[in-house]
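I opened this notebook to keep track of what I look up in the structure. The entries follow in the order in which I made them.

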Amino acid sequence: MQNKPPSWLVGLVFLGVIASDCQGQDAQSGRGSLPLIDNTEAFDTPNDAGNSITLTWARTRSIPEGGVYKAYIAESREGPYYPASEIAGGANLQSEEPETFGYGDAAWDAHFIHITEYAGGEGVVSLQNDKTYYVRLELHSGNRSTRAPIVTASAQGNYFNWKKLNNIVLGGLLSFLILGFISLARHRDLYIRRIGGLEALDEALGRATAMGKPVLFIHGLRDMSQISTIAAVNILGRVASRTAEYDAALRVVAPDPVVMSVSQETVQASYFEAGRPDAFNTKHVFVAGTEQFSYAAATEGIMVRERPAAHIMMGYFYAESLLLAETGSTTGAIQIAGTDAFTQLPFFVTTCDYTLMGEELYAASAYLSREPKLLGSLKGQDAGKAIIIAAIVLGALLATVDIPFLTHVFTPH
Amino acid sequence: MIFLSRTLPVIVALCFGVFGIGIYYVPHAAAQNLERELALWLRVVFAFSYLLGLYSLLNLHWQRIRQRVEGWGYSAMVYVGFGLMMLFVIHNDGKGPFAPQAEGTAAENGYQWLFEYVQVACSSTMFSILAFFIASAAYRTFRARTPEAALLLVAAIVVMLGRVPIGAYISEYVPAAAEWLLNVPNLAAKRGILLGVSLGAIATSLRIIFGIERSYLGGGDE
Amino acid sequence: MIQWLMNIDRRIIFVFVFLGVALPLLANVFLPIKPTRDVISVYDQFEKVAEDEGIVLLSFSYGASTEPEMQPMARAILRHCFSRNIKVVAVCLWPEAPGLARKVLEEIGDEFGKTYGEDYAFLGFKPGNFAVVLNMGQDFRDAFPQDNWGTPLEELALTQDIRTLRDFDFVFDLAAGDSIEFWWIPYGQEKYGFPFAGGCTAVMAPDLFPFLQSKQMVGLLGGLAGAAEYETLVGRQDKATAGMSAQSMAHLIIVAFILFGNMAFFLSRRR
């Protein structure tokens with residue numbers, strides 16, 4: 001005769017099943033045919049100032065149409081839980097934010113939500129740092145819903161933005177190259193090829209001397225902290241040396257007092273070095289105007305009245321570039337321009353006898369002054385450009401065969 | 001004195017340069033608050049630079065008037081113009097300089113009248129001279145002396161016609177060709193120059209931050 | 001004759017250019033304008049803001065010298081905004097801009113019967129260039145605590161809820177200088193990620209094409225042509241469209257002189 005389990009035992013087991021089923025908040029309840037929510041995790045949102053929690057969970061491809069994920073948040077496990085965020089069933093894949101979740105295939109198989117605030121009892125409440133929050137994720141479709149286990153996290157301010165790691169590495173590499181070459185230039189003579197415009201510069205100065213007319217040096221409109229103005233001042237030093245040697249007159253117009261002051265000292269130093277301190281006149285280096293068109297009008301007036309034999313325009317120019325260059329061309333002067341203003345290059349190219357374009361301006365100043373810091377900087381920039389060119393070519397080839405690694409390395413976040 | 005004029009500015013440049021770079025990579029609230037403070041300070045410095053610019057301008061022209069240099073009458077006009085505008089600013093339609101800016105059109109407000117019918121008129125006239133100058137420059141220089149010059153000439157004509165409605169009248173391909181020229185070869189050249197100039201700007205900034213470049217202080221290097 | 005054609009006195013060229021620009025303007029000739037892709041993108045973005053009943057930040061970064069090119073653009077943009085009941089907050093980043101911005105806001109605001117403080121607000125000029133943009137992104141009230149006439153922002157219905165640049169649905173900069181490339185994009189759009197577009201002078205437009213391709217700018221209005229295209233989209237032809245006929249004629253004259261010069265050049269070479 002078989003022994004049946006006693007009925008009281010059966011009843012006890014049955015009650016136990018019902019009790020575990022009713023354990024409520026910590027249990028995953030599934031009603032109907034909605035898929036379960038797997039791999040739910042919550043953590044501090046990385047790379048931010050805090051006040052944000054990120055919730056992630058596995059993607060399921062069997063979500064019914066119109067399905068919606070809703071995230072609820074509470075300050076204690078028991079609640080109350082307040083609505084924090086809501087997204088459509090197929091939205092917010094991790095692949096949409098590669099800077100946080102990476103470019104791997106796994107990013108296509110998971111969702112995310114960044115929670116920064118929730119609709120509390122008395123209005124919108126922002127998350128606070130270093131406070132534990134309890135997050136519950138639910139999937140709703142019509143009258144059905146399913147719920148993931150509650151997860152916890154606390155928001156914190158982060159000390160490094162890992163999204164910008166590529167930026168700091170590339171920036172660091174470039175800085176290392178530039179500073180390294182500057183240091184090298186102090187001990188070795190670095191080679192720079194001859195810049196074509198420099199020959200034209202010598203020719204212009206010789207012409208001015210032969211004609212007995214002054215040379216007019218025109219600064220661009222930017223101030224002394226700009227690289228183009230610094231380069232222009234270096235070229236001015238060379239021009240001043242030559243005019244001192246040749247005994248030609250030099251006029252320098254500047255757009256502001258600081259540039260004028262630096263130009264005066266540069267010219268004076270050049271005249272001293274050339275052994276012609278008596279030839280220097282501070283009145284020949286002056287501010288023509290402080291506004292764009294007043295500067296242009298004043299300079300054009302000098303061109304037309306004094307008829308310099310050579311016009312040397314160096315720096316960053318704006319719309320006045322064509323006014324200056326075209327007026328200068330009517331006087332028959334030889335004109336040499338150098339600018340890194342991309343939009344003004346065509347005007348200088350068409351109206352001047354020679355134009356130093358973009359980096360040629362910086363290179364010319366380095367070549368003329370032979371200062372280690374300028375030579376080293378130029379070499380460092382060249383090295384940086386070589387790296388960029390190699391990256392462009394290699395990256396294009398790799399991208400063609402669907403290997404976007406280099407593209408991702410250079411993508412800013 | 002050397003410390004104040006040469007050493008301290010370099011230290012300040014180093015500290016703020018390093019802070020500025022660091023803030024970019026540190027998302028913590030403390031760094032962001034520092035960035036906010038620095039931006040406010042920067043605005044104050046900018047505002048004072050306007051005062052400095054005003055003083056420089058007036059001082060420059062005063063010296064010219066005082067020394068009776070050639071053309072000193074124009075320097076006197078600077079003072080006349082400045083004084084007139086300041087008069088209307090202070091008058092402020094009867095409300096005085098400490099009340100908000102008076103409303104009203106140019107017909108009702110003297111300051112607005114001077115701005116619209118003197119400043120705007122003169123400035124835009126100077127700017128419009130470019131139209132004449134570009135015509136004469138283009139005529140003089142766009143000659144097909146070499147194959148490259150011929151290519152430049154053709155491209156210039158296509159873009160000039162393609163950017164105005166008349167180009168579409170001539171042919172529907174003219175605007176399309178102009179857009180291609182601007183978006184492909186022109187943009188490629190622009191990017192190349194931009195890369196070079198940006199690297200140059202990074203190099204100069206590094207030199208200034210680390211005190212290698214000091215020409216911005218005035219007075220040459222030591 | 002050939003030599004004369006190769007060396008035409010520039011004053012003759014100036015006369016032709018003057019006539020070529022003046023006559024179409026006096027005759028009020030309007031040529032049909034076909035909007036281009038980048039201008040349509042800006043229009044579509046404003047339409048999206050209108051559908052969402054959003055608010056736009058309009059930044060004036062131009063001065064008196066570029067008024068003839070930029071002011072028609074500002075008018076067209078404002079006409080679009082006010083006709084679609086888009087709220088507009090205007091700021092100036094150039095010292096010469098406030099006079100121009102005030103004028104166009106009042107003019108177009110009166111045209112559409114808009115109320116200051118509810119439909120649009122003018123916050124005036126603040127020095128600082130890119131620092132102002134940075135401040136606006138961090139805390140808008142830090143950058144502009146009051147409007148142009150001293151009213152605190154919290155007292156204006158339009159600006160009560162504005163805290164940062166992210167609170168705007170769209171930011172549009174009218175630029176005649178460096179403001180788009182060196183202020184708004186690096187210190188604004190790149191940091192805070194809001195939809196951004198701009199209008200600029202024609203000569204600057206190619207400078208900004210890289211930002212269109214990288215999607216940092218939604219669209220671009222380039223010069224008077226861009227303004228004319230926008231007027232066409234808005235359905236109100238004004239000074240920009242009138243200016244295009246003058247510009248077309250000027251370009252034709254320049255092309256004609258170039259061709260004359262080259263014709264003479266080739267003829268002289270044959271001889």
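How far apart do the C-alpha centres of domain 1 of chain A and domain 2 of chain A lie? I found 38 Å between these two centres. I keep in mind that this is a predicted model.

**Domains**

I looked up the domain assignment of chain A next. Domain 1 covers 32-154, domain 2 is made of 162-186 + 376-409, and domain 3 runs over 196-370. For chain B I noted domain 1 (1-56) and domain 2 (70-131). The C-alpha centres of domain 1 of chain B and domain 2 of chain B are 33 Å apart.

**Helix α1 of chain B**

I checked the length of helix α1 of chain B, which takes in residues 2-25. At 1.5 Å a residue its 24 residues should span 34 Å, and the end C-alpha atoms are 34 Å apart, so the two values agree. I also looked for a bend in α1(B) and found a kink of about 35° at Leu8(B).

**Nonpolar cores**

I then turned to the largest nonpolar core, which has 197 residues. Which of its members touch the most other members? In chain A I listed Val215(A), Ala310(A) and Ile312(A); in chain C I listed Val56(C), Phe60(C), Met73(C) and Ala90(C). I followed up Ile312(A): leaving out residues up to four places away in sequence, Ile312(A) touches Ala204(A), Val215(A), Phe217(A), Ile218(A), Val239(A) and Ile336(A). There is also a second, separate core of 24 residues, with Ala71(A), Ala84(A), Leu127(A) and Leu137(A) among them.

**Chain C against chain B**

I counted 50 residues of chain C in contact with 43 residues of chain B. On the chain C side, the elements giving two or more residues are α2 (10-27), α4 (67-83), α6 (130-138), α9 (205-213) and α11 (239-270). Which element of chain C gives the most to this side? I noted α11(C), with 14 residues. By type, the chain C side holds 28 nonpolar, 15 polar and 7 charged residues.

**Chain B against chain A**

Here I found 41 residues of chain B in contact with 50 residues of chain A. On the chain B side, α2 (29-66), α4 (110-141) and α8 (185-209) each supply at least two residues. The most come from α8(B), which gives 13 residues. I sorted the residues on the chain B side into 24 nonpolar, 14 polar and 3 charged.

How values were computed: Residues numbered from 1 in each chain as written. Chains lettered and ligands numbered in written order. Predicted model: local features only at pLDDT ≥ 70, side-chain atom pairs only at ≥ 80, totals over all residues. Helix = DSSP H or I, 4+ residues; strand = E, 2+ residues; numbered from the N terminus. Expected span 1.5 Å × (residues − 1). Bend = angle between axes of the 7 residues up to and from the residue. Core = buried A, V, L, I, M, F, W, Y, C linked by C-beta atoms within 7 Å. Buried ≥ 20, exposed ≤ 12 C-beta atoms within 10 Å, placed from the backbone. Contact = placed C-beta atoms within 7 Å. Domains from an automatic or database assignment. Nonpolar A, V, L, I, M, F, W, Y, C, P; charged D, E, K, R; others polar.
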